[in-house]
Amino acid sequence: MKITALLRKLAAIPGVSGREAVVSQPLLELLKEYCPDAALVQGNIIGTFGKRESGKPHVLLDAHFDQVGLIVTYIDENGFLKVGNLGGLDLRLFPAQTVTVHGTSDIPGVVCAMPPHLLAGDADVADITDILIDTGYSKEELEKIVSLGDMISFDAPFEELCGDRICSPALDDRCGIAAILYALSQLDAETLPCSVSVLFSAQEELGERGAKIAAYTIQPDIALAVDVSFGRANEEAPEKCGSLGGGAMIGISPSLSAEVSRDLKNIAEAEQIPWQPEVMAGTTGTNADQFSVTRGGVKACTVSIPLRYMHTPAEVIALSDVTATGDLLAAYLRGCKTC
């Protein structure tokens, strides 16, 4: 499997949280290669890898496919768009960013930025209610194309950086999807000691909403949330971040299953798969938080890919961490005995 080409394909499709339908069909077709019964269910994509068998532990692999972005809330008299945020966005980076407004057709826009020559002193970071999008259209022209509630995504290129580094919007969490597909490609002809479901979940950025309803339906015994976590760049606290190129980050937290965390670590070491710990003092901020408390409880853990510049148009990952994560998932399913 060519991971770079897959990531380029996945990251190119805009799917802001709550408006992910445009991403659903391409992802559904990709998953059907390994899970022929894959279907779109309440906004989520769910498939069974092989056949679900009683007496075997049932493992759920999950990655979310929504991305952070904006939603149109108002069109002012001068034709500027006012917006609200979908997911946690860093407003420090907004001025002069280029965006795509997804109306009846896609139109380009730019976040308004006052020239520094006209600023009086240091300017505070704008509030989301102060953000305006300039498309060049008048109010009358814009209202023929854009409706309130339309989504806006960041317009930035997919770039291959030095070595195996990739820079792109939406790597959170399209790289998690790539890792799961890579794992499935390794297991396609194997008989496993567990049954497996795959979930590509919607609306994670809005409070793990898709994961909550999907896990209730799937009823797994074990759930692995494959997401991204903080990748250290410069001055971030090392105890809060992973290292790019350091391998998959295995979650360790009081809200996660210590048994599954231990099994993942043991398998990574036995198979010489690069890994690093991710210690969290409480909940994880991922779909694992929903999995662990669904129905009567699920043994949940996180397997994360370190990512720099999270929730920006220029997220950065290392391809080796994606493949290490896929290798770890495949190895875990081959040796799964936790029940």
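This is a predicted model: local features need pLDDT of at least 70, side-chain atom pairs count only at pLDDT 80 or more; totals for chains, interfaces and linings use all residues.
Strands of a sheet pair through backbone hydrogen bonds, either parallel or antiparallel.

Look next at strand S11, residues 165–168. S11 is joined to S17 by 4 bridges, and the two run antiparallel. Within this part of the sheet, Cys167 stands opposite Val316 in S17.

## Two helices side by side

H4 also has a helix partner. Helix H2, residues 21–32, packs with H4 at an angle of about 20 degrees. Their axes are 11 Å apart. Angles under 35 degrees count as roughly parallel, so H2 is roughly parallel to H4. The crossing of the two helices is right-handed.

Which residues in H2 meet H4? They are Val23, Leu27, Leu30 and Leu31. On the H4 side, the residues are Arg174, Ile177, Leu181 and Leu184. The contact of H2 with H4 is made up of 7 nonpolar residues, 1 charged residue and no polar ones.

## A salt bridge across the sequence

Side chains of opposite charge can pair when their charged atoms come close. The whole structure holds 8 salt bridges. One of them joins the side chains of Glu160 and Arg8, at 3.0 Å from N to O. Glu160 lies in strand S10, while Arg8 lies in helix H1, residues 3–11. The pair therefore ties together parts that are 152 residues apart in sequence.

Strand S4 spans residues 69–75 and strand S5 spans residues 81–86. They run antiparallel and are joined by 6 bridges. Tyr74 has Lys82 in S5 as its bridge partner. S4 and S5 form a hairpin with 5 residues between them. In the turn, Gly79 has a positive phi of about 90 degrees.

S5 pairs with strand S8 too, residues 132–134. That pairing is antiparallel, over 2 bridges. Leu81 stands opposite Ile133 in S8.

Most residues other than glycine have a negative phi, and most peptide bonds are trans. The model has exceptions. Gln203 has a positive phi, and so does Gln219. Where does Gln203 sit? Its place is in the loop between strand S12 (195–201) and helix H5 (209–218). Gln219 is in the loop between H5 and strand S13 (222–230). The peptide bond from Asp172 to Asp173 is cis, and Asp173 is found in helix H4.

| Site | Angle | Value |
|---|---|---|
| Gln203 | phi | near 55 degrees |
| Gln219 | phi | about 55 degrees |
| Asp172 to Asp173 | omega | near 5 degrees |

Note on methods:
Residues are numbered from 1 along each chain as its sequence is written. Side-chain values use heavy atoms; hydrogens and water are left out. Two strands pair if DSSP finds at least two bridges between them. Axes are lines fitted to C-alpha atoms, for helices over the stretch in contact, and angles run from 0 to 180 degrees between N-to-C directions. Angles under 35 degrees count as roughly parallel, over 145 as roughly antiparallel, 65 to 115 as roughly perpendicular and the rest as oblique. A crossing is left-handed if the near helix is turned anticlockwise from the far one by less than a right angle, and right-handed if clockwise. Contact means heavy atoms within 4.5 Å. Ala, Val, Leu, Ile, Met, Phe, Trp, Tyr, Cys and Pro count as nonpolar, Asp, Glu, Lys and Arg as charged, and the others, Gly among them, as polar. A salt bridge is a side-chain nitrogen of Lys or Arg within 4 Å of a carboxyl oxygen of Asp or Glu.
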